[in-house]
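Let's explore this structure together, one question at a time. Take a moment to look it over before reading on.

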Amino acid sequence: MASVSSSSLLNKAVRQQYMGLCQGGKCQVTYIWVDGTGEGLRNKTRTLDSEPTCIEEIPEWNFDGSSTYQAEGSNSDMYLIPVRMFRDPFTLDPNKLVLCEVLKYNRLPAETNHRHSCNQVMQQVKEHCLWFGMEQEYTLLGVDGHPFSWPSKGFPAPQGPYYCGVGANHAYGRDVVECHYKACLYAGIQICGTNAEVMPSQWEFQVGPCKGIEMGDHLWVARFLLHRVCEDFGVVATLDPKPITGNWNGAGCHTNVSTQQMREEEGLKYIELAIEKLGKKHKQHIEVYDPRGGTDNMRRLTGLHETSSINDFSAGVANRGASIRIPRQVGKDKRGYFEDRRPAANCDPYTVTMAIAQTCLLDPTEE
């Protein structure tokens with residue numbers, strides 16, 4: 001069995017004794033932000049005199065950007081700008097989790113603050129009532145980097161019985177999954193489901209439907225909750241798009257997209273128009289669908305294991321080997337949504353949703 005962290009073995013009953021103490025009317029607020037890697041999440045906590053009722057009541061803060069790959073030591077202070085508030089499932093009410101944008105010393109967005117530009121695009125397309133849903137796949141590892149519950153030597157049985165599986169020999173780490181689900185519901189995340197994935201120790205949760213900028217906000221905080229729950233259990237959740245080489249499925253972040261026109265009668269023609277536009281900008285989308293310009297996705301999008309080739313664009317009804325999948329029910333109803341299967345598990349949801357909105361709704365090409 002994969003090794004777990006030492007901190008997870010501490011006596012949790014002792015911790016609970018302190019968690020039940022009265023806070024004297026004070027409120028703990030944990031600020032969360034994306035660091036300079038574009039993938040990592042950081043957090044720190046402060047005390048407010050009372051429970052905030054809206055995001056405007058949470059003050060700006062700052063942090064040392066030289067310790068998060070975001071600034072030089074000689075000019076390291078960076079600003080944390082609160083943008084969305086959630087309930088804290090770890091220290092409970094009245095405490096809060098707050099997602100923040102990061103600004104540099106000159107109050108311009110940090111290089112990995114893609115929320116700022118994404119929000120500008122979402123404001124431009126708000127009349128389209130753009131909905132997103134993102135399917136976040138991840139893999140559980142021990143702190144030694146070995147897949148959770150995989151044999152210490154060799155491999156588990158081949159893929160087949162694990163997808164949506166049940167039983168100790170098929171589902172590895174369900175405790176983490178169910179605790180994360182509950183934490184998301186408590187926090188107010190728009191989580192809508194979860195399931196075991198094709199590779200053993202691989203899972204997925206779905207967030208949405210979310211309007212515009214809310215998609216990135218909810219997914220980033222859902223990721224934070226996942227890492228925080230895994231911390232309690234002493235394991236690691238990796239979003240690597242291909243954590244295990246060989247005949248094993250990779251991990252993606254399939255993105256479902258729908259506009260008001262797509263949801264109305266005969267909306268299929270607007271879905272097909274959007275897909276046509278996406279096909280013309282396949283290369284540009286691949287470059288922003290993982291944090292490394294497509295090199296991470298190159299390991300995953302091979303044309304095998306329910307993926308399309310990274311070099312080709314394709315679309316089809318109920319085809320999980322295509323770049324874009326039109327669900328069978330959507331093809332039958334002739335309205336609904338489409339699924340972009342290209343984003344990697346470690347993508348930035350702001351860059352993905354922004355690219356889709358720009359290509360599908362702000363492209364100068366007319367129908």
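Q: Leaving aside its neighbours within four places in sequence, which residues is Ala157 in contact with?
A: This is a predicted model, so keep that in mind as you look. Ala157 sits in the loop between strand E6 (131-141) and helix H3 (174-187). Once neighbours within four places in sequence are set aside, the contacts of Ala157 are Tyr162 and Trp248.

Q: Is Ala157 buried, partly exposed or exposed?
A: Buried means under 20% relative accessible area and exposed means over 50%, with partly exposed in between. The relative accessibility of Ala157 is 44%, so this residue counts as partly exposed.

Q: How much area do domain 1 and domain 2 bury between them?
A: The chain is divided into domain 1 (6-111) and domain 2 (122-362). The contact takes 19 residues from domain 1 and 25 residues from domain 2. Carbon and sulfur atoms hold 67% of the buried area, and the total is about 1900 Å².

Q: Which three residues supply 31% of the area that domain 1 buries against domain 2?
A: We are looking for the trio on domain 1 that gives more than any other three residues. They are Glu39, Phe86 and Phe90.

Q: How far apart are the closest N and O atoms in the salt bridge of Arg84 with Asp217?
A: Between domain 1 and domain 2, the count is two salt bridges. A salt bridge needs the nitrogen and the carboxyl oxygen within 4 Å. For Arg84 and Asp217, the closest N and O atoms are apart by 2.6 Å.

Terms used: Residues numbered from 1 in each chain as written. Predicted model: local features only at pLDDT ≥ 70, side-chain atom pairs only at ≥ 80, totals over all residues. Heavy atoms only, no water. Helix = DSSP H or I, 4+ residues; strand = E, 2+ residues; numbered from the N terminus. Buried < 20%, exposed > 50% of the residue type's maximum accessible area, 1.4 Å probe, protein only. Contact = heavy atoms within 4.5 Å. Domains from an automatic or database assignment. Buried area = accessible area lost by both parts, 1.4 Å probe. Salt bridge = Lys/Arg side-chain N within 4 Å of Asp/Glu carboxyl O.
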